[in-house]
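Colleague: I'd like to learn how to read a pocket and the helix beside it. Could you walk me through one example?

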Amino acid sequence: MASDITFRQAGVADAPAVAALVGNLLAEIMTTVGSQVFHFDLHDTTRRLEDFVARGTYVVFVACDTTGGIVASITLSESHALYAEGAF
């Protein structure tokens with residue numbers, strides 16, 4: 001059975017679509033909890049994501065439909081903690 005979804009690593013050019021997905025997720029969370037718990041600005045988030053991806057400090061993988069449209073994303077970034085004895 002062939003999948004209608006493909007996965008790939010995102011690049012800087014994908015930042016607007018990924019940022020929009022993040023905005024949609026935050027809006028859904030705020031609707032569910034009934035409180036404005038996040039500040040979200042699409043333009044600022046897009047620019048920040050472009051910078052993070054370009055510098056390699058943030059890795060994004062996207063799921064694309066049959067037209068190539070981005071329908072989901074997952075983001076990864078290195079973190080540091082004393083309890084983890086360094087980077088994880």
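Colleague: Which helices and strand each supply at least two residues of the lining of the largest pocket?

Modeller: Bear in mind that this is a predicted model. The general idea comes first: rolling a probe the size of a water molecule over the atoms shows where empty space is left. Here, H1, H2 and strand E3 (70-76) each give at least two residues to the lining of the largest pocket. That pocket holds about 290 Å³ of space. Its lining counts 16 residues, and nearest the centre lie Val-18, Val-22, Thr-45, Tyr-58 and Thr-75.

Colleague: Let's turn to H2. How many residues does H2 have, and what is its reach?

Modeller: Helix H2 runs over residues 42-55, so 14 residues, and spans 20 Å from first C-alpha to last, close to the 20 Å expected at 1.5 Å a residue.

Colleague: Which residues of H2 are buried, and where do they sit around the axis of H2?

Modeller: Buried here means under 20% relative accessible area. In H2 that applies to Thr-45, Thr-46, Leu-49 and Val-53. Looking down the axis, these buried residues fall within an arc of 100 degrees, so they line one face of the helix. Their cover includes helix H1 (15-33) and strand E2 (59-64). On the face turned away from the buried side are the exposed residues Ala-54 and Arg-55.

Colleague: And what is found at the start of H2 and just after H2?

Modeller: At the start, a side-chain oxygen of Asp-41 comes to within 3.2 Å of the backbone nitrogen of His-43. Just after H2, Gly-56 adopts a positive phi of about 75 degrees.

How values were computed:
Residues are numbered from 1 along each chain as its sequence is written. This is a predicted model: local features need pLDDT of at least 70, side-chain atom pairs count only at pLDDT 80 or more; totals for chains, interfaces and linings use all residues. Side-chain values use heavy atoms; hydrogens and water are left out. Helices (H or I, at least four residues) and strands (E, at least two) are DSSP runs, numbered from the N terminus. Buried means under 20% relative accessible area, exposed over 50%, partly exposed in between (1.4 Å probe, protein chains only). The arc is that of the directions from the helix axis to the C-beta atoms. Contact means heavy atoms within 4.5 Å. A polar contact is a pair of N or O atoms within 3.5 Å; within protein, one must be able to donate a hydrogen and the other to accept it, and residues adjacent in sequence count only if both atoms are side-chain atoms. On a 1 Å grid over the protein atoms alone, a cavity is a set of points where a 1.4 Å probe fits but cannot get out, and a pocket is an open set with protein on both sides within 12 Å along at least five of seven lines; lining residues have an atom within 4 Å of a point. Grid points are joined across faces, edges and corners, and a volume is the space filled by probe spheres set on the points.
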